Amino acid sequence: MRYIELAQLYQKLEKTTMKLIKTRLVADFLKKVPEDHLEFIPYLILGDVFPEWDERELGVGEKLLIKAVSMATGIDSKEIENSVKDTGDLGESIALAVKKRKQKSFFSQPLTIKRVYQTLVKVAETTGEGSQDKKMKYLANLFMDAEPIEAKYIARTVLGTMRTGVAEGLLRDAISLAFNVKVELVERAYMLTSDFGFVAKIAKTEGNDGLAKVTIQIGKPIKPMLAQQAANIKEALLEMGGEAEFEIKYDGARVQVHKDGEKVTIYSRRLENVTRAIPEIVEAIKEALKPTKAIVEGELVAIGEDGRPLPFQYVLRRFRRKYNIEEMMEKIPLELNLFDVLYVDGVSLIDTKFMERRKKLEEIVETNGKVKIAENLITKNVEEAEQFYKRALEMGHEGLMAKRLDAVYEPGNRGKKWLKIKPTMENLDLVIIGAEWGEGRRAHLLGSFILGAYDPETGEFLEVGKVGSGFTDDDLVEFTKMLKPLIIKEEGKRVWIQPKVVIEVTYQEIQKSPKYRSGFALRFPRYVALREDKGPEDADTIERIAQLYELQERMKGKV
Ligand SMILES: Nc1ncnc2c1ncn2[C@@H]1O[C@H](COP(=O)(O)OP(=O)(O)OP(=O)(O)O)[C@@H](O)[C@H]1O
């Protein structure tokens, strides 16, 4: 299948904001795609090459991409760079360069989707010495045969800047529409495998029956079950039906561990493969997990010199580290507190009740210095649970989790079977959708940021306020560097930014607001941390803000 057909799809998607039309366009395209393309096409449609949990990365920045285009077209890199000022977008500039191409290969072949995909895979798999040069040549080869419109979208795929507004929800609906299968089954299969390629293929070849049979697989991360916040212990117990398991809520980073014989893979909260960054935990897991094959979940916590937990950002520093990992292991020791088990030796435990999963967890784990099991208390008694809560806070933890004893595991769902109890209102994780340039000595820096909450229905990010406080000068330098390449449009001091970066903010209160389309506004938001562990679609949703508003009103009633 020709790549130009995919490029035309991207173009049509860009031209409409209507979710239904986009869904129909993607569905019609999926129908035409040959079966052997289905494993990777969904990722290309999303503007990626690999699923988020795949370790491979293209490792190509703007400079290298421009060099590749220059090599393919004979146009000077500087000229391409400079033309961005006129076009406002590197993808457009590259299309222009290809249009003006001075050399066209005599043997030029039209691009196929497969060739583009396979070349991008080669680019990602080329590492080590001399790899930059090889990557450039692979890409130049594509640009030599590309039509301008193809070049534009190859460039955007390489840079990860596709702006077609196709998110997970839309892709799910499109798969359902294309292959006439139930949307709930597509959703379920995706939540269990996090692999749209696999799901699309099953949908086409085996229909509803095939989708219904999909189960978890070692090596494919499962979307994590999430929690809502309860106002207090009493409310949590009531919601759980009078009895619950309370567990310490550790303040670290959630991980999902897949053990397959000697191979251990660890995924972060957003299902990125972080195995390499934490080798001591991999070893400790091998010792601690008795079954040959298992999938377990837990919270990875950094421990300070005094033995108390450090804030979760320390764990994220460990995840980011690529070199001198040994040194980091000493500086930031980690401890894994396991709290769930989803799979043991060929058997999925997703549909097993929580109390039985917990028993199983205790059976299969032999704790050691680095791998522990979350401390728990099963009770019907409010005072007893409150004592536990107090102790958890004194020990420096975030609070407690309450879990319904008879609840099955609900991948990707933020329901009421798990509730968190903590002393403060939940911070919000929101996406930066715009910004304003600073003033005076900070005129060259972005100074305040417009925050958006996610609307999974439309894939949009709706404004809920603007944050300018809580940033150090260094933070602003970093954010300006990070956000500048994501600027879509500027108007005076105001800039519009591609929704990619998630930050955590505190606030004094959530207010109802007719001013914003979201219906809510944050009073005095303040920056807390960059949430590198979350992608835009993991950000808090409008619905969640509405729930927190209700919770806030209930908490007010209690004081
Ligand atoms: N014992 C525990 N059981 C379950 N989750 C725990 C536990 N201890 C710590 N956690 C963490 O608490 C989170 C549950 O809260 P929530 O569902 O809101 O997740 P989140 O969106 O990652 O939010 P948060 O900002 O609280 O980490 C889990 O994702 C996990 O990282």
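In this predicted model, F479 has a relative accessibility of 2% and therefore counts as buried, the cut-off being under 20%. A pair of aromatic rings is described by the distance of the centres and the angle of the planes. On these two terms F471 and F479 form an edge-to-face pair, with 5.6 Å from centre to centre and 85° between the planes. Both residues also belong to one aromatic cluster, which is made up of F449, F471, F479 and Y527.

The count of aromatic pairs in the model comes to twelve. Another of them is formed by F40 and Y117, whose rings are stacked, with centres 4.0 Å apart and an angle of 5° between the planes. This pair links distant parts of the chain, since F40 lies in the loop between α2 (19-32) and α3 (41-46), whereas Y117 belongs to helix α7 (residues 113-125), 77 residues apart. F40 is buried at a relative accessible area of 7%, and Y117, at 16% relative accessibility, counts as buried as well.

Lysine residues also lie over aromatic rings: the charged end of K403 sits over the ring of W418, and K489 lies over the face of W496. The distances to the ring centres are listed below.

| Lysine | Ring | Distance to ring centre |
|---|---|---|
| K403 | W418 | 4.1 Å |
| K489 | W496 | 4.4 Å |

Key
Residues numbered from 1 in each chain as written. Predicted model: local features only at pLDDT ≥ 70, side-chain atom pairs only at ≥ 80, totals over all residues. Heavy atoms only, no water. Phe/Tyr/Trp six-rings, centres within 6.5 Å; stacked < 30°, edge-to-face > 60°. Helix = DSSP H or I, 4+ residues; strand = E, 2+ residues; numbered from the N terminus. Buried < 20%, exposed > 50% of the residue type's maximum accessible area, 1.4 Å probe, protein only. Lys NZ or Arg CZ within 6 Å of the ring centre and 35° of its normal.
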